[in-house]
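Please read the points beside the sequence and the model.

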Amino acid sequence: MKNNLRDLRAERGWSQADLAEKLDVSRQTVNAIETEKYDPSLPLAFKIADVFNMKIEDIFTPNHSK
Amino acid sequence: MKQTMKRNIINFRPAFVWGLVGLAVVFVSSWLFQSVALSPTLRILLALLPLIPGGLFLFYLVKGLRGFDELQQRIYTETATLTFIVTILLTFLFGSLQRAGLYAAKWDDIGNTMMFVWICIYLLNEWRYR
């Protein structure tokens with residue numbers, strides 16, 4: 001799954017550690033999501049969307065979508 | 001890596017303590033079996049005594065794992081599965097070598113091999129969650 005988490009985080013001037021703290025996960029998890037090595041669970045995806053005040057589909061897109 | 005190790009230490013401290021208590025109970029009960037004349041009832045109780053710290057060790061181990069976030073839980077679960085499978089394979093390997101008459105492994109050899117493999121798997125685990 002693709003995502004624009006890194007850009008969204010950079011726009012807000014947050015470090016990975018800052019975002020990790022807001023999401024109550026580790027920095028490694030944020031890094032793994034950003035580098036698309038790990039797809040978050042649905043509850044975590046909702047939490048991410050909530051933190052950025054966006055919809056999940058605006059942050060995450062399936063690999064096959066154009 | 002340092003942060004991960006720090007969190008691991010905090011999460012697994014109770015399990016570590018109960019593991020040590022369990023080992024101490026095993027050593028003390030082994031010493032008592034060999035050096036003191038005990039009644040059959042007491043022998044049974046003493047033999048079962050390590051189950052209490054062992055059970056608490058397991059309880060706090062699982063509790064420690066639940067304190068992790070979802071990625072770490074997934075990696076640790078995969079590591080536990082890998083460790084379990086490798087342990088079974090090694091056990092069968094040692095057993096097969098002994099049945100074939102090629103190598104009769106001592107308990108120390110088995111223990112050291114298992115420990116080495118578990119440490120390698122643990123390092124792999126830490127590398128994956130870096």
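1. Which residues lie nearest the centre of the second largest pocket? They are A:Ala32, A:Lys37, B:Leu71, B:Ile75 and B:Arg128, out of a lining of 13 residues. On a 1 Å grid over the protein atoms alone, a pocket is an open set of points where a 1.4 Å probe fits, with protein on both sides within 12 Å along at least five of seven lines; lining residues have an atom within 4 Å of a point.

2. This is a predicted model, in which local features need pLDDT of at least 70 and side-chain atom pairs count only at pLDDT 80 or more, while totals for chains, interfaces and linings use all residues. Residues are numbered from 1 along each chain as its sequence is written, chains are lettered from A in the order in which they are written, and side-chain values use heavy atoms, without hydrogens and water.

3. The volume of the second largest pocket is about 230 Å³, taken as the space filled by probe spheres set on the points, which are joined across faces, edges and corners. At least two lining residues each come from helix H3 (27-34) of chain A and from helices H4 (70-99) and H5 (107-128) of chain B. Helices are DSSP runs (H or I, at least four residues), numbered from the N terminus.

4. Chain A brings 10 residues to the contact and chain B brings 9, where contact means heavy atoms within 4.5 Å. About 830 Å² is buried between the two chains, with 45% given by carbon and sulfur atoms; buried area is the accessible area (1.4 Å probe) lost on being put together, summed over both parts. A:Ser26, A:Gln28 and A:Tyr38 supply 61% of what chain A buries against chain B, more than any other three residues.

5. Across this interface the rule finds 0 salt bridges, a salt bridge being a side-chain nitrogen of Lys or Arg within 4 Å of a carboxyl oxygen of Asp or Glu. One joins A:Arg6 and A:Glu34 (3.7 Å, N to O). Because A:Arg6 lies in helix H1 (residues 5-11) and A:Glu34 in helix H3 of chain A, this pair ties together parts 28 residues apart in sequence.
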